[in-house]
Amino acid sequence: MRQKLFSFLLVNVGAFFVAVNVHFFLSPNSLATGGVSGLSIVLNHVVPGISIGTFMILVNIVLFIIGLIFLGFSFGTKTIYTSFALSFMVWLLERFAPVSEPLSNDVLIQLIIGQCIAATGMAIVFNQKASTGGTDIIAMILNKYFNIEIGRAVLFSDLSIALSSTFLFGPQVGMYAFFGVILNGLVIDYTLQQFNTNKEVVIISKRSDDIRAFIVEELGKGATIHKATGAFTSDQKEVITTILGRKDFSKLKNYITEIDNKAFITVHNMNEILGQNFKRLA
């Protein structure tokens, strides 16, 4: 139950980060950088009487109806909740923290800061096996009926929204929007890597039995043991391979330093690991 509550809290924190970007950075500068928020910014310019938050709620309803028709119920409750939570948060910010003009005259710095905040929020949401919905549904439809990869379909829909802003707000704003789409993807990928980074640690030591016991008993992790032969000395050696997070690797490194400061250790960053106690294959 605690884990579910913590996951629920993280989803809301991630959605709030995205809402902050939409309300304080994108909307005042008319930057439609894709997604439901970008589409709502465009629609708000066409029909200014309806707020961006309200448009986001309406667009999400329409997209989910379309999704049910063409895909069935395949997007999950977390995604449904997050998409509407994001829309509602933007609506609340419009009501209680209205912004009448951009925070600064420098559009580029606002775009970079805002997209970094939003991308961090989206990465938090993705890490909880959810998404902010919206144009992801369009991407899933394109993938199902036209065999277009999900990633490309999302990029295509976001760039289409950015292109529409070029006609409404001018080429300069449109170019900023295009840059925002690309920046968003890069920051999301980088942030997700930081969440999921593990280290493959390969150890050769005379105290391999002690190190193996420390990994299994103290850290509660597994390891693979195999035999190797030294090229120069032809000595038989035991090689330990294990995969650890940052904290556990730091503990292991300190332990090895204490018992065998001549141990040979190689470390590789692993961005994705599938199977057993890590991510499921399906």
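1. A word on the source. This is a predicted model, in which local features need pLDDT of at least 70, side-chain atom pairs count only at pLDDT 80 or more, and totals for chains, interfaces and linings use all residues. Residues are numbered from 1 along each chain as its sequence is written, and side-chain values use heavy atoms, with hydrogens and water left out.

2. The protein chain has 10 helices and 4 strands. These are DSSP runs, numbered from the N terminus: helices are H or I with at least four residues, strands are E with at least two. The pattern along the sequence reads α-α-α-α-α-α-α-α-β-α-β-β-α-β.

3. Of the 282 residues in the protein chain, 41% are buried. Buried means under 20% relative accessible area (1.4 Å probe, protein chains only). Contacts mean heavy atoms within 4.5 Å. Among contacts with a separation of 6 or more, 71% join residues 24 or more positions apart.

4. Now the cores. A nonpolar core is a set of buried Ala, Val, Leu, Ile, Met, Phe, Trp, Tyr and Cys residues joined through side-chain atoms within 4.5 Å. The largest has 30 residues, and Val22, Met56, Leu86 and Val90 touch the most other members. At least two residues of this core come from each of helix 1 (2-26), helix 2 (35-46), helix 3 (52-71), helix 4 (77-96), helix 5 (107-127), helix 6 (135-146) and helix 8 (171-196). Helix 3 gives the largest share, 6 residues. A second, separate core of 13 residues includes Ile203, Leu219, Ile240 and Leu244. In soluble globular proteins, nonpolar side chains tend to be buried together.

5. Look at Leu86. Not counting residues up to four places away in sequence, Leu86 touches Ala15, Val18, Ala19, Met56 and Thr132.

6. Thr82 sits in helix 4. Is Thr82 buried or exposed? Thr82 is buried, because its relative accessible area is 0%. Leaving aside neighbours within four places in sequence, Thr82 is in contact with Val11, Ala15, Val125, Ala130, Ser131 and Thr132.

Note on methods. Buried means under 20% relative accessible area, exposed over 50%, partly exposed in between (1.4 Å probe, protein chains only).
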